[in-house]
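Colleague: Hi, I'm new to this one. Could you walk me through it?
Modeller: Happy to! Here it is.

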Amino acid sequence: MIAQGCFIETLAIAAGHLGYATEVMLFPDGTARADFEMRPVAEVLLTKATVSADPLFGQILHRRTSRVPFDQKHVVTQTELNQLTAVRVPAAIEVAGTINAEKMRQLTALAIASNEVECDTPRTRNETVDHIHIGASEIAKNREGISIAGTGVWWASHLGLLSNAAMRDPSTKSFASLKTMVEDAAESSNAYVWLKSHTNSPEDQVAAGRAWVRVTLQSTAQGLMLHPLSQALEEFAEMAPQHVKMRQLTLCEDQETIQMFARLGYAAEGEHSPRRRVGSFISSA
Ligand SMILES: Cc1cc2nc3c(=O)[nH]c(=O)nc-3n(C[C@H](O)[C@H](O)[C@H](O)COP(=O)(O)O)c2cc1C
């Protein structure tokens with residue numbers, strides 16, 4: 001639902017740029033039926049209109065997720081964080097963040113611990129590994145998920161040191177890399193940012209996605225990089241202690257939900273994530 005919200009917000013910003021007003025009707029078939037998650041999430045009506053340009057439009061093609069360690073010499077200031085969290089988002093969503101050293105230390109430890117739980121739980125580890133594509137030829141065949149490429153990766157995979165099969169086996173270096181990638185990333189965080197919703201309806205989840213795109217586009221405008229670290233937000237039994245800790249550290253009240261959690265900092269612009277061609281998933285009625 002969050003990803004659907006990301007799509008809808010990007011569409012609305014781009015439509016405005018092309019001179020169309022966007023009217024979004026969420027869940028046209030309702031959310032009461034058991035299979036509503038398999039039904040359309042939104043009906044979007046585009047009408048030719050004079051729309052005031054959204055300054056975030058210019059960032060759409062520059063925005064990208066960064067999984068590399070962030071620059072330790074270029075720290076995020078409170079003013080920069082305030083500018084980011086002040087971005088206009090749907091009313092159902094609150095944007096918050098911290099650069100407080102003690103809070104950062106606790107959140108980094110939690111991000112690492114929750115990734116360990118995900119990696120040490122076979123069914124959640126395998127779910128992640130299923131979406132990892134290693135090396136240029138695998139990535140070209142699967143233009144989705146999480147791609148890992150580069151010269152070091154090419155050598156490691158050709159020497160048999162890095163593979164999806166080995167990532168499923170806790171005795172291997174490939175498995176260990178699932179943990180060290182997140183450790184290195186989290187330990188280099190300059191700040192953390194999160195989104196909170198007051199309730200957790202499907203509409204709130206879509207609103208969180210719309211908000212998340214605006215936060216990421218605003219971070220791009222400021223020259224900052226974002227990287228979600230979602231493990232502690234996941235709702236499965238083994239993660240329950242980390243889930244509770246995340247709620248405590250982000251001052252999340254009883255009925256509230258943390259929808260997104262990410263590290264923030266400076267890094268060189270990496271590659272864009274390969275994605276399927278637009279034409280491959282458009283169909284006409
Ligand atoms: C709800 C949600 C949660 C995500 N959580 C993570 C995460 O924990 N770790 C991660 O590396 N990517 C995560 N991602 C994926 C990336 O942020 C990003 O959307 C995806 O890799 C596409 O890459 P791009 O942002 O460079 O276009 C998440 C995406 C969504 C929509």
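Colleague: Let's start with arginine 123. Which helix does arginine 123 lie in?
Modeller: Arginine 123 is part of helix α4, which covers residues 122-130. Bear in mind that this is a predicted model.

Colleague: Is arginine 123 buried or exposed?
Modeller: Exposed: arginine 123 has 8 other C-beta atoms within 10 Å, and a residue counts as exposed at 12 or fewer.

Colleague: And how many residues apart in sequence are arginine 123 and arginine 168?
Modeller: They are 45 residues apart in sequence, while their C-alpha atoms are 9.7 Å apart in space.

Colleague: New topic, the ligand. Which residues surround the ligand?
Modeller: The ligand is surrounded by Ile2, Ala3, Cys6, Arg64, Thr65, Arg67, Ile146, Pro228, Leu229, Ser230 and Ser273. In that shell, six residues are nonpolar, three are polar and two are charged.

Colleague: Which helix gives the most to the shell?
Modeller: That's helix α1, residues 2-17, with three residues.

Colleague: How do the axes of α1 and helix α9 cross?
Modeller: The axes of α1 and α9 (residues 202-221) come within 6 Å and cross at roughly 55°, so the two helices are oblique to each other. Their crossing is right-handed.

Colleague: Which residues meet there, between α1 and α9?
Modeller: From α1, the residues include Ile2, Ala3, Cys6 and Ile8, and from α9 they include Val206, Ala207, Trp212 and Val213. Across the contact of α1 with α9, the residues divide into nine nonpolar, five polar and three charged.

Note on methods
Residues are numbered from 1 along each chain as its sequence is written. This is a predicted model: local features need pLDDT of at least 70, side-chain atom pairs count only at pLDDT 80 or more; totals for chains, interfaces and linings use all residues. A residue is near a molecule or strand if its C-beta atom, placed from the backbone, lies within 6 Å of it. Helices (H or I, at least four residues) and strands (E, at least two) are DSSP runs, numbered from the N terminus. Ala, Val, Leu, Ile, Met, Phe, Trp, Tyr, Cys and Pro count as nonpolar, Asp, Glu, Lys and Arg as charged, and the others, Gly among them, as polar. Axes are lines fitted to C-alpha atoms, for helices over the stretch in contact, and angles run from 0 to 180 degrees between N-to-C directions. Angles under 35 degrees count as roughly parallel, over 145 as roughly antiparallel, 65 to 115 as roughly perpendicular and the rest as oblique. A crossing is left-handed if the near helix is turned anticlockwise from the far one by less than a right angle, and right-handed if clockwise. Two residues are in contact if their C-beta atoms, placed from the backbone, lie within 7 Å. A residue is buried if 20 or more other C-beta atoms lie within 10 Å of its own, exposed if 12 or fewer, and partly exposed in between; C-beta atoms are placed from the backbone.
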